[in-house]
Structure formats: structure tokens, C-alpha cells
Amino acid sequence: MSPVANPGDTHPTRRRRPWVVLAAALGVLALLGSACSSDDTATASASDADGDAPTIGFLFVGPKDDFGYNQAAYEGSVAVEEAFPDATILRAENVPETAEAEQVMEEMINQGADIIFPTSYGHMEFANNVAALHPDVTIVHQGGLEPEPGLDNFGTYFGTVYEPVYTAGIAAGAATETGKLGYVYAFPIPQTLSNINAFTLGAQSVNPEIEVIAVSTGSWCDPGLQAQAASSLLNQGVDVLTQHQDCTKTIIETADAAGAMTVGYHFDASELTPEGWITGSEWDWGPLYVEIVQTILDGAFVDSDFNGDFRVGLQTGSNPFVQSAYGPMVDEDTQALVDEARQRFIDGGSPFAGPVVDQDGEVVWAEGEQPTYAEVEQMDFFVQGVTGRTS
């Protein structure tokens with residue numbers, strides 16, 4: 001996959017500043033222990049600026065086997081390991097979105113890390129801090145938006161997650177019998193709000209009367225809170241559950257036990273509910289991770305698309321967030337509707353092409369208007385048809 005410019009990027013030109021020699025590196029923090037493991041490697045085929053085989057670190061906010069966000073990111077790190085067999089790979093699981101993330105990155109640098117991928121949204125602030133302290137280390141953050149002024153050794157990347165979520169909404173809208181869909185999400189940040197809205201609009205494209213009930217857990221992965229939220233939604237008549245959580249297993253299993261249907265997120269979890277699986281959306285991070293690492297090793301990172309806020313979607317033909325396989329209840333007519341929507345996005349359309357109306361009846365984007373990728377990333381409202389509040 002070749003790096004491509006964000007068609008909706010409103011910040012295509014990065015501001016530069018002279019490098020400032022900052023404070024001495026932080027002291028060694030014997031933090032990682034068993035959480036960070038390195039893998040022995042063989043003959044180098046790529047090297048860093050010093051001619052040495054690179055050391056590449058990955059931080060995950062949860063476990064590598066969560067049937068969700070972290071498992072998908074972990075699989076991406078495996079793809080890097082396979083593409084660069086000489087590289088030393090450092091991995092740290094269950095790294096919270098606190099200053100502990102900064103400490104973990106410092107420890108990785110002490111172990112020789114040249115490149116670091118902090119993969120959780122809340123790692124952003126700490127990743128940028130570490131990048132400012134270590135201009136010789138390249139840090140690429142997953143999902144955030146880079147603070148200004150941008151650094152030459154820092155960037156962010158993500159896919160337009162709301163596109164396959166919209167098409168999954170079409171399939172959910174066709175499958176529901178109650179007309180009530182449930183959405184368990186973590187925090188009311190733009191990524192989750194745009195997903196909930198896209199899912200709702202996709203479902204409403206099949207049946208305009210569909211209601212999506214959204215419940216926040218205030219956590220990316222708390223199985224107890226997830227079970228409570230899922231049960232509450234099922235008790236309200238919801239017959240399809242989906243989510244924006246990192247770990248997905250609990251919600252899928254709760255839906256399956258109740259005989260409800262599921263739309264997955266982050267990872268193909270269809271094995272957890274073979275009969276109740278409608279479809280889902282999942283990450284295929286490997287090609288993008290490898291492309292980013294190769295760009296860095298080639299010495300071409302500065303002023304590349306990755307040295308900023310890189311976003312890729314169906315308009316580019318290379319969105320790393322792809323639709324999962326269909327379950328048994330999705331018929332050919334529904335699949336045709338999904339195909340039509342996907343082609344519309346490939347051709348330059350958006351799930352949020354106007355008219356889009358918020359919960360309070362205000363027109364956000366009028367007929368004929370369409371937000372850019374960057375504008376979607378600032379979303380702070382629910383569309384009509386969503387039950388729930390953003391605060």
C-alpha cells in the first residue's frame with residue numbers, strides 16, 4: 001500500500017521548528033518487567049540510520065487476545081516482525097492511558113527502540129511528550145490528532161472507521177425485528193460518536209424508524225460493566241448489539257446467550273456466535289504498519305504523509321478497517337445494498353453526506369453538503385434516532 005494524502009485533510013502543510021535540545025532523558029524505570037518482551041531475530045534485511053537492525057516497540061492498552069482492538073494491533077505487530085526478521089520487537093500489554101505509558105516508552109528507548117507504536121487513543125499526550133524528548137526516535141500514534149506544532153519525529157495514523165460501520169448498520173437494519181439496536185461504547189470522543197452515528201444512518205437507510213440506544217461504560221474494557229450495559233439494552237427490546245469497546249468478547253457472548261444478534265468491531269469474533277453473527281468491521285493493520293516502518297528505515301519519514309495526521313479511507317482504496325464476513329441471516333438483497341454504499345464511498349461519497357440532523361433537530365450538514373475526514377474527526381453530537389447523551 002502506498003501512502004496517500006488524506007482527501008479531507010485541512011492541515012496538509014506542517015509547520016516546522018528548529019530542533020531544541022531538551023532536558024536530559026528520564027531515568028531508567030524498571031517498570032516493564034514481564035509486560036515487555038523482546039523477540040530474538042535473525043539476519044537483517046533492513047537497518048536504521050546507524051546501520052543497525054532496528055528495534056521497534058508496540059504498546060497495547062489491553063491484552064493481545066481480547067477478540068478486539070488490542071488483538072488486531074498485536075496481529076499487526078506480528079506482520080512487522082515477519083516483514084523485518086532482523087528487527088527486535090518489544091511489546092507491552094495492558095499499558096494504561098496514564099503517565100505509565102510515558103514510562104513504558106522510556107524503558108523501550110533504554111532497550112534501544114528506534115520506532116515506537118503507542119496504539120491506544122489515550123497514549124497520545126504521553127507519546128508526544130516522549131517524541132519531544134527523543135528526536136532520534138520516531139513515534140507514530142494510532143488514532144490521535146497531533147498537537148501543534150508538529151514534530152519531525154512524530155505522526156498519527158488511522159482508518160475511516162465509520163465507513164464499514166455504516167455498511168454494517170445496513171445489515172443490522174435489515175436483520176432487526178424489533179427495530180431497536182444497542183450500542184455499547186467507551187467514551188463520547190469523536191471516533192465513537194462518528195461510529196454510532198454512521199451505524200444509525202446505515203440502519204435507517206433500510207428502515208428510517210430504527211432506534212439505536214447508546215450506552216457508555218466509561219471504560220475501554222471492563223467486562224463487568226460491559227455485561228451490565230448489554231443486559232440493560234437487551235431488557236429494553238434490543239435484538240442486535242454492537243459496540244465500540246477494545247475487548248469485545250463479553251458483549252458478544254451476552255448477546256449470544258440471549259439469542260440476540262451481533263455486529264462485531266475491531267476483530268473477527270464470529271466464532272463466538274456463529275448463528276447470531278451479522279457482520280462486523282475489523283482492522284488489517286499489517287500492510288500499513290509495514291509501510292510506516294519501511295518509510296522510517298528509508299529515511300523518508302520527515303514530510304511524508306505519516307509525519308502528520310495520516311488518514312486513509314475508501315476514497316483511497318486502502319482503508320485498513322475492513323468489513324468482516326457476513327453471517328447466515330444476511331441475504332443477497334442486503335449484500336447488494338452494502339455493495340452500493342461501499343461503491344458510493346469509493347467514488348467520493350460519505351456516510352455523513354447531508355442532510356444530517358442532530359438529536360435536537362438542528363441541521364448539521366444540509367442537503368448537498370459533505371464533511372471532510374478532518375471535520376468528521378471533530379464530531380461531537382448524536383444524530384436523530386440515537387437515544388443517549390454525549391455528556
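## Aromatic pairs

This predicted model holds 23 aromatic pairs. Take Y157 and Y289 to start with: their ring centres sit 6.0 Å apart with the planes at 85 degrees, and since an angle over 60 degrees counts as edge-to-face, that's what this pair is. The two tyrosines come from distant parts of the chain, 132 residues apart, with Y157 in strand β6 (residues 154-159) and Y289 in helix α8 (residues 286-297).

Are these two tyrosines buried or exposed? Y157 is buried, at a relative accessible area of 1%, and Y289 is buried too, at 0%.

## A tilted pair

Now for F352 and W365. Here the ring centres are 6.4 Å apart and the planes meet at 45 degrees, so this pair goes down as tilted. F352 lies in the loop between α9 (332-346) and β14 (356-357), while W365 belongs to strand β15 (residues 363-365), so the pair ties together parts 13 residues apart in sequence. Both F352 and W365 are buried.

## The ring cluster

Which residues do ring pairs link into a cluster? Y157 and Y289 are in there, along with F58, F60, Y74, F117, F158, Y265, W283, W285 and F321.

## The chain overall

Zooming out, the protein chain has ten helices and 16 strands. Of its 391 residues, 55% count as buried. Looking at contacts between residues at least 6 apart in sequence, 71% join residues at least 24 apart.

As for the surface, the chain exposes about 15400 Å², and carbon and sulfur atoms supply 48% of that.

Note on methods:
Residues are numbered from 1 along each chain as its sequence is written. This is a predicted model: local features need pLDDT of at least 70, side-chain atom pairs count only at pLDDT 80 or more; totals for chains, interfaces and linings use all residues. Side-chain values use heavy atoms; hydrogens and water are left out. Helices (H or I, at least four residues) and strands (E, at least two) are DSSP runs, numbered from the N terminus. Buried means under 20% relative accessible area, exposed over 50%, partly exposed in between (1.4 Å probe, protein chains only). Contact means heavy atoms within 4.5 Å. Accessible areas come from the Shrake-Rupley method with a 1.4 Å probe; for residues, only the protein chains shown count as cover. Rings of Phe, Tyr and Trp (its six-membered ring) pair if their centres lie within 6.5 Å; planes under 30 degrees apart count as stacked, over 60 as edge-to-face and the rest as tilted.
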